[in-house]
Amino acid sequence: MSAAKKNKNRKKDAAEEPGKKLNNNKAEKTSADETGKKLKNKAYLKKLVKLHVELVKLQEWVKFKGLKVCVVFEGRDGAGKGGVIKALTERVNPRVFRVVALPAPTDREKTQMYFQRYLHHLPAAGEVVIFDRSWYSRAGVERVMGFCTEADVQMFMLATPLVERAFIDSGLILIKYWLEVSPEEQTRRLEARIHDERKIWKLSPMDLESYHRWYDYSRARDAMFTMTDTEYSPWYVAKADNKRSTRLNVISHLLSKIPYEALPRKKISLPQRQKPEGYREPDHHFRYVPEKF
């Protein structure tokens, strides 16, 4: 085979296989979760489409039955919570699937009962609320970073199972996920945020400090699981080194935890478009967006 043909085939393979790129005519692997040895993009998207169809069915069932669903996402920085939530919500109605990502508490909120700021975000009938970080910030970042006292943490640990039991007894479906990433993969992802200008906004001083305090977070996580991983409100841990697989696994698991049925749908067809009845395009000078691409 000629050198030109070999180079052509190499380019074709790199273009078709996600996770490979051309660098000085050499195909190199990128991250461990994006190589051809893992889940290729085409296969990932095919599986994701099927799950999106099921999520829409779940959405309609939640509305029809008036279910109240609350999904909590916690995990280490860089574990991919945002990517999972985006994959989960990108094809459903945002009026039904609502994402809550609260900022740091205000001075007024700091004086309130701890759970108070979260209560009015809980779902009403026919809603799915997804917490990107939740009341568990007290057991994690607040504890590790010294934003609360140890007495505050112990009070939280004792109260949380009781509060969640009250949520569930009121008819709330509560599902809690912890995304766990390895030290090596967290390093790779945070370094990518440093060097990729598209991702630099995702890197905060808190991320760097949490990276430094890996084992402090490990101890805080372990203590949290000990007190709040209960039979009626369990934690589900997702291994998150492989982003694509993690998204598919979590969505599939979520669908399995909420019994639902596909509702019958009326056959839909487009109505006939009305006739112009004398309408003419205006002479207005429209300011069109330049077509550069």
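## Chatting through a predicted model

Student: How confident is the predictor in this chain, on average?

Tutor: This is a predicted model, and the chain averages a pLDDT of 89, with 87% of the residues scoring at least 70.

Student: And where is the pLDDT below 50?

Tutor: Over residues 10-36. That stretch still has 46 contacts in the model beyond near neighbours in sequence. Where pLDDT is low, though, the predicted coordinates should not be read in detail.

Student: What share of the contacts comes from residues 24 or more positions apart?

Tutor: They account for 72% of the contacts in the chain, counting those with a separation of 6 or more.

Student: Let's go inside. How many residues does the largest nonpolar core have?

Tutor: It has 32 residues. Val 71, Phe 73, Ile 130, Tyr 177, Leu 179 and Ile 251 have the most contacts inside that core.

Student: Which helices and strands each supply at least two residues of it?

Tutor: Helix H2 (41-65), strand S3 (68-75), helix H3 (81-89), S5, strand S6 (172-180) and H11. The largest share is from H2, with 6 residues.

Student: You listed Ile 251. What does Ile 251 touch?

Tutor: Leaving out residues up to four places away in sequence, Ile 251 touches Leu 48, Leu 51, Leu 55, Ala 87 and Leu 88. Another core, of 22 residues, lies apart from the largest one, and Tyr 136, Cys 148, Val 153 and Leu 174 are among its members.

Student: Switching to cysteines. How many disulfides are there?

Tutor: The count comes to 0 disulfides.

Student: What about Cys 70, buried or exposed?

Tutor: Cys 70 counts as buried because its relative accessibility is 0%. Cys 148 is buried as well, at a relative accessible area of 13%.

Student: Now the rings. How many aromatic pairs does the structure hold?

Tutor: It holds 17 aromatic pairs. Take Tyr 114 and Tyr 118: their ring centres are 5.9 Å apart and their planes sit at 55 degrees, so that pair is tilted. Both of those tyrosines are buried.

Student: And what kind of pair do Tyr 136 and Trp 235 form?

Tutor: An edge-to-face one, at 4.7 Å centre to centre with 65 degrees between the planes. Tyr 136 is in the loop between strand S5 (127-132) and helix H6 (141-144), while Trp 235 is in strand S7 (residues 235-239), so the pair ties together parts that are 99 residues apart in sequence.

Student: How buried are those two, in relative accessible area?

Tutor: Tyr 136 is at 2% and Trp 235 is at 7%, so Tyr 136 counts as buried and so does Trp 235. Tyr 136 and Trp 235 also belong to one aromatic cluster, which has Tyr 114, Phe 115, Tyr 118 and Trp 178 among its other members.

Student: Which ring does the charged end of Arg 76 sit over?

Tutor: The ring of Trp 214, 3.6 Å from its centre. Likewise, the charged end of Arg 117 sits over the ring of Tyr 118, 5.5 Å from that ring's centre.

Student: Backbone question: what is phi of Arg 133?

Tutor: Near 75 degrees, a positive value in a residue other than glycine. Arg 133 is in the loop between S5 and H6, and it is partly exposed, with a relative accessible area of 27%.

Student: And phi of Glu 277, what is that near?

Tutor: It is near 50 degrees, again positive in a non-glycine residue. Glu 277 is in the segment after H11 and counts as exposed, at 75% relative accessibility.

Student: Last one: what is Glu 261 in contact with?

Tutor: Lys 57 and Trp 61, leaving aside neighbours within four places in sequence. Glu 261 is in the segment after H11. Glu 261 and Val 62 are 199 residues apart in sequence, and their C-alpha atoms are 9.8 Å apart in space.

How values were computed
Residues numbered from 1 in each chain as written. Predicted model: local features only at pLDDT ≥ 70, side-chain atom pairs only at ≥ 80, totals over all residues. Heavy atoms only, no water. Disulfide = S-S within 2.5 Å. Buried < 20%, exposed > 50% of the residue type's maximum accessible area, 1.4 Å probe, protein only. Phe/Tyr/Trp six-rings, centres within 6.5 Å; stacked < 30°, edge-to-face > 60°. Helix = DSSP H or I, 4+ residues; strand = E, 2+ residues; numbered from the N terminus. Lys NZ or Arg CZ within 6 Å of the ring centre and 35° of its normal. Core = buried A, V, L, I, M, F, W, Y, C linked by side-chain atoms within 4.5 Å. Contact = heavy atoms within 4.5 Å. pLDDT = per-residue confidence, 0-100.
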